[in-house]
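Please keep the model in view while reading.

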Amino acid sequence: MRLSTLFVPTRKEDPADAEVISHKLLLRAGYIRMTARGVYSFLPLGWRSVRKVEQIIREEMDRAGAQEVRMPTMQPAELWQESGRWAAYGSDLFRFKDRKSADFALGPTHEEVVTDIARHDIASYKQLPVMLYQMQTKFRDEPRPRFGLMRGREFIMKDAYSFDLDEAGAKKSYAIMRAAYERIFSRFGFEYRAVEADTGNIGGDLSHEFQVLAETGEDLIASCPESGYAANVEKAEIVLETADRDPGAELLDKEMIETPKVRTIADVCDFFECSPTEVVKTLIFIADGQPVAVCMRGDHTVNDVKLKAYLEEHTEISCNELELASEEETGKLTKAPVGFAGPVGLEFPVIVDLSVKPMVNFIVGANKKNMHFKNVNWGKDFTPVGFTDLRMPQPGDICARSGKPYEFVRGIEVGHIFYLGNKYTKALNASLQGEDGKLKPMEMGCYGIGVTRIVAASVEQNHDDNGIIWPMAIAPYHVVILPLQMKNEDVVKCAEDLYAELQAAGCEVLLDDRDLRAGNKFKDADLIGIPLHVNIGSRGLKGGNVEFKVRATGEVEEIALDQIKDHVLGQIKAALNK
């Protein structure tokens with residue numbers, strides 16, 4: 001392809017609304033354009049990379065024995081109502097009515113649809129196991145679409161589903177797909193971790209996320225070098241603090257103190273000249289429309305996953321939706337601005353983290369502007385509905401499996417696999433007779449990969465100050481030829497001849513035939529991230545050489561003109577066969 005005719009509208013400056021490097025560089029390098037918040041168009045370079053991601057996934061899915069299908073984007077509400085997720089999925093589900101007022105959703109995932117296929121068309125255990133997959137656009141009404149392709153409202157995903165007769169078969173399918181995922185992410189050239197994860201609103205009781213390691217990752221991963229165990233921080237198993245309050249401790253009477261403009265934990269510690277371990281913060285959550293207060297030690301963070309699990313198991317709240325209360329909601333519920341909430345006098349449930357249980361005479365907000373209580377004690381000044389582990393793991397925490405400290409790294413989730421059991425097949429009556437003649441629901445697994453998110457994750461992990469550095473496997477082109485003097489006939493002829501030879505050899509090659517200064521060509525080549533550069537200049541040609549550059553390392557060497565084709569092809573082959 002010639003750059004003079006390729007539609008690649010590059011930009012010199014970072015877009016003002018782009019927060020992470022992948023968003024900035026994919027916009028600047030002309031790979032994507034925003035159509036609406038969380039909705040993007042892929043331009044020619046971007047779409048070539050997406051197609052390459054899809055192809056690698058497709059090859060490994062086929063190798064694992066999965067069969068490609070195509071399911072509809074429009075999904076009838078009846079299927080979601082059967083599974084119970086029409087209400088449970090919450091506001092992330094795009095819902096609409098057709099002209100006959102029938103309810104539909106734009107599919108964020110396809111468990112219901114594929115289970116409907118299975119219940120009608122898998123009649124015997126002899127047909128099992130079955131694995132089906134598709135590449136398709138998904139829709140989720142993200143409350144805060146951000147970070148470009150990382151968290152959008154419309155995106156391309158590979159989703160696969162396995163059906164087996166029993167748990168043993170389903171776990172075998174799970175293992176097959178996990179191995180396929182490891183091959184896929186290795187072929188992308190990623191540094192990644194497979195970590196235990198929460199199953200979320202998909203369901204099931206076994207789940208792994210595949211996390212690409214990157215400093216800008218949204219997810220925090222706890223990794224134990226001793227045991228090899230790794231988990232999303234919400235799922236990580238830690239050694240719990242289970243101490244009780246000293247029965248002989250003196251419980252002082254609470255005292256209200258005026259604390260003007262003291263809103264944060266740091267402010268409280270400065271004002272009272274104390275440690276965060278002597279402060280209890282109170283956070284207000286809204287669970288399915290009902291308020292719940294959570295009390296945590298001042299240096300700890302609430303784990304939403306743990307809170308949701310506790311509410312579902314120990315209260316009558318189904319907890320389909322759980323969100324931190326807004327400033328307005330907090331003000332109405334506590335009669336005070338954010339920063340002054342406390343557990344004393346609240347008329348709704350108060351749940352206390354285990355780390356607060358041994359504390360005495362601690363400091364809390366007084367539910368009154370510019371006021372705090374000191375010398376507050378649970379059981380005396382307020383009554384919790386329960387104590388439980390609610391905190392997020394943090395540096396210094398101990399792995400429950402090894403007894404050794406965790407290491408923490410950040411990651412970007414690009415894949416997620418689930419063992420679902422019979423959650424959907426039971427709800428949708430997808431049953432068949434086993435070898436013993438008894439009717440039973442099939443066992444399921446589901447397996448997702450964010451196709452378009454992989455493009456962004458690759459940029460997050462592979463870039464420098466000059467632009468993108470694509471791994472060979474998903475680069476839009478393998479090599480770019482840069483003739484540096486377009487008015488020099490020898491330079492142009494050499495570039496054209498090499499371009500034709502590489503194309504004939506099956507190489508994906510880009511020729512920068514634009515009449516621009518060498519510096520402009522170098523900058524664009526670095527920005528768009530093509531892995532290999534061949535720079536052809538009049539000075540080098542006089543000695544029978546051209547300049548060869550590896551984008552990832554910046555390494556430059558002189559290669560004889562009669563050897564450059566074979567050298568380029570050899571570099572491409574080596575990179576793709578890693």
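Two strands are said to pair if DSSP finds at least two bridges between them. Helices (H or I, at least four residues) and strands (E, at least two) are DSSP runs, numbered from the N terminus. The model is a predicted one, in which local features need pLDDT of at least 70 and side-chain atom pairs count only at pLDDT 80 or more, while totals for chains, interfaces and linings use all residues. Residues are numbered from 1 along each chain as its sequence is written, and side-chain values use heavy atoms, with hydrogens and water left out.

**Strands β4, β5 and β6**

Strand β4 (residues 74-76) pairs with β6 in the antiparallel sense, over 3 bridges. Within this pairing, Gln75 has Ala105 of β6 as its bridge partner. Strand β6 is also joined to β5, by 4 bridges, and these two strands run antiparallel. Here Phe96 stands opposite Phe104 in β6. The hairpin of β5 and β6 has 5 residues between the strands.

**Backbone exceptions**

Most residues other than glycine have a negative phi, and most peptide bonds are trans. Which residue of the β5 and β6 hairpin takes a positive phi? It is Ser101, with phi near 65°, in the loop between β5 (94-97) and β6 (103-106). Asn370 also has a positive phi, near 60°, and is placed in the loop between β18 (362-365) and β19. A cis peptide bond, with omega near 5°, leads from Leu128 to Pro129. Pro129 belongs to the loop between α5 (111-121) and β7 (130-139).

**The sheet of β13, β19 and β18**

An open sheet of 3 strands has the order β13-β19-β18, with antiparallel pairing. Strands β13 (255-258) and β18 stand at the edges with a single partner strand each, so one side of each is left without a neighbour in the sheet. From one strand to the next, the twist averages 30°; the axes behind such angles are lines fitted to C-alpha atoms, for helices over the stretch in contact, and the angles run from 0 to 180 degrees between N-to-C directions. Strands β13 and β19 pair over 4 bridges in the antiparallel sense, and Met256 has Phe373 in β19 as its bridge partner.

His372 is placed in strand β19 (residues 371-376). Its side chain makes a polar contact with the side chain of Thr259 at 2.7 Å. A polar contact is a pair of N or O atoms within 3.5 Å; within protein, one must be able to donate a hydrogen and the other to accept it, and residues adjacent in sequence count only if both atoms are side-chain atoms.

Buried means under 20% relative accessible area, exposed over 50%, and partly exposed in between (1.4 Å probe, protein chains only).

| Residue | Relative accessible area | Class |
|---|---|---|
| Ser22 | 1% | buried |
| His372 | 3% | buried |
| Asn370 | 22% | partly exposed |
| Ser124 | 23% | partly exposed |

Ser22 lies in helix α1 (residues 21-28). Not counting residues up to four places away in sequence, Ser22 touches Met150, Ala456, Val459 and Glu460, where contact means heavy atoms within 4.5 Å. Ser124 is found in the loop between α5 and β7, and its side chain reaches the backbone nitrogen of Lys126 at 3.0 Å. Although Ser124 and Leu432 are 308 residues apart along the chain, their C-alpha atoms are separated by 6.1 Å.

**Domains and nonpolar cores**

An automatic or database domain assignment supplies the domain bounds. The protein is divided into domain 1 (21-70 + 108-220 + 409-459), domain 2 (255-388) and domain 3 (477-577). The centres of domain 1 and domain 2, taken over C-alpha atoms, are 37 Å apart.

In soluble globular proteins, nonpolar side chains tend to be buried together. A nonpolar core is a set of buried Ala, Val, Leu, Ile, Met, Phe, Trp, Tyr and Cys residues joined through side-chain atoms within 4.5 Å. How many residues does the largest nonpolar core have? It has 66 residues, and those with the most contacts inside it are Leu26, Ile57, Met61, Phe185 and Phe188. Helix α6 (residues 167-187) gives the largest share of this core, 7 residues. Domain 1 and domain 3 both give residues to this core, so it lies between them. Apart from this core lies another, of 27 residues, among them Ala77, Leu79, Ala105 and Leu432.
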